[in-house]
Amino acid sequence: SSSMYVVSVVLPAVQQEFSVSRADAALPYTLMMLGFGLGGVGMGRLADRFGVQAPLMLGSAGVTAGFIAAAFAPNLLLFALAHGILLGLLGSSATFAPLLADTALWWNKRRGIAVAVCASGNYLAGAVWPPLAQQGIELWGWRQTYIALGLVCGLGMALLSLLMSKRPPASAGSPAGPVQSTAPSLVPGRPFGLKISHAQALLCVAGVACCVAMAMPQVHIVAYCADLGYGAARGAQMLSVMLAFGIASRLISGLICDKIGGLRTLLLGSILQGLSLLLFLPFDSMQSLFLISATFGLFQGGIVPSYAIIIREYFPPAEAGRRVGAVIFATLVGMALGGWMSGKVFDVTGSYHAAFLNGIAWNLLNLSIASWLLWRVSR
């Protein structure tokens with residue numbers, strides 16, 4: 001998952017080297033998120049059929065090739081394509097949706113915390129790699145740093161995937177309905193009392209909405225700090241703090257999820273994420289931004305893993321890989337759209353103030369969907 005966060009760190013250097021606008025410099029991130037999400041659907045189907053080891057081995061090759069290809073890219077277009085196709089579609093996509101779905105099938109009683117531990121690896125990448133990448137950029141330049149990342153991350157991923165050969169027992173479960181749902185009134189085959197395709201579509205819209213809001217600080221905090229005069233290094237530190245607190249958020253949310261279920265956890269996370277986004281509007285001192293970044297990470301980290309729990313609770317377990325993959329794809333479309341949209345709003349207005357307001361509006365859409373689905377379940 002390193003490429004998801006390192007690309008934000010190199011954004012100012014890439015913008016300067018290729019002489020492009022802020023929105024154009026965010027294009028590699030946008031394409032990578034789209035590739036990440038689309039690849040997750042295919043990787044989920046691959047995991048449903050052959051087990052999670054197959055997509056992980058394919059993903060390790062994509063990560064290695066993607067970083068090295070991006071390092072040698074002579075222009076922004078090829079740099080962006082390396083992120084979208086190799087690092088996103090073939091690389092990072094193998095490590096999130098398939099692993100979340102696979103993990104959810106191994107546990108019943110402690111399913112929430114198990115998925116949260118697995119999902120924390122994604123944020124651990126965000127806590128570890130941005131400051132290391134920033135140091136590499138300052139010492140060797142971003143191209144040499146990318147080559148080193150490709151060798152270390154791709155090789156490490158390939159070795160770890162050798163340990164992931166066993167299939168989960170629940171993958172052979174009946175497709176007739178979910179196992180040990182937290183919603184005992186659920187009609188089999190009709191999640192939330194809706195057609196299964198309608199329920200899936202609503203979760204996908206909710207995923208887009210929450211992650212458009214989530215992308216604003218994650219993608220642009222480094223550039224935002226540079227614009228305020230604090231420097232890109234401070235921004236990379238804030239991103240690291242944000243994602244480190246996201247690890248804690250995911251673990252705490254996993255424990256909460258085991259108590260109240262995935263849908264209520266999603267609603268709680270949406271409320272708290274919206275509140276933390278509001279804090280970016282009146283405060284922009286360096287100390288306050290560090291504190292708000294930590295708060296934002298602590299509040300939003302459990303949102304995306306909650307979708308995997310919701311799928312496990314309300315949908316057939318035999319379809320877990322593809323349905324989790326579809327929702328994760330939607331969240332990454334939201335991240336991609338949010339990253340580009342925030343850059344575009346900045347280019348038009350010359351300020352990130354309107355971009356934060358845009359994120360808050362999308363967060364309200366997510367909150368509305370989660371509230372309505374919970375109302376249907378409660379009814």
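A residue is called buried when its relative accessible area is under 20%, exposed when that value is over 50%, and partly exposed in between (1.4 Å probe, protein chains only). This is a predicted model, in which local features need pLDDT of at least 70, side-chain atom pairs count only at pLDDT 80 or more, and totals for chains, interfaces and linings use all residues. Residues are numbered from 1 along each chain as its sequence is written, and side-chain values use heavy atoms, with hydrogens and water left out.

**View 1. Helix α10, mostly covered.** Of the 33 residues in α10, 24 are buried. The helix takes in residues 196-228 and reaches 47 Å from first to last C-alpha, close to the expected 48 Å (1.5 Å times one less than its number of residues). Helices here are DSSP runs of H or I, at least four residues, numbered from the N terminus.

**View 2. A kink in α10, and what follows the helix.** Look for Ile-221: a kink of about 60° is centred there (the bend is the angle between axes fitted to the seven residues ending at a residue and the seven starting there). After α10 comes Gly-229, with a positive phi near 95°.

**View 3. Thr-95 in a loop.** Find Thr-95 between α6 (76-91) and α7 (97-104). Thr-95 counts as buried because its relative accessibility is 18%. Its side chain reaches the backbone oxygen of Ser-92 at 3.0 Å.

**View 4. Ile-260 and Gly-112.** Ile-260 belongs to helix α11 (residues 232-260). At 34% relative accessible area, Ile-260 is partly exposed. Although 148 residues separate Ile-260 from Gly-112 in sequence, their C-alpha atoms are 9.9 Å apart in space.

How values were computed. Helices (H or I, at least four residues) and strands (E, at least two) are DSSP runs, numbered from the N terminus. A polar contact is a pair of N or O atoms within 3.5 Å; within protein, one must be able to donate a hydrogen and the other to accept it, and residues adjacent in sequence count only if both atoms are side-chain atoms.
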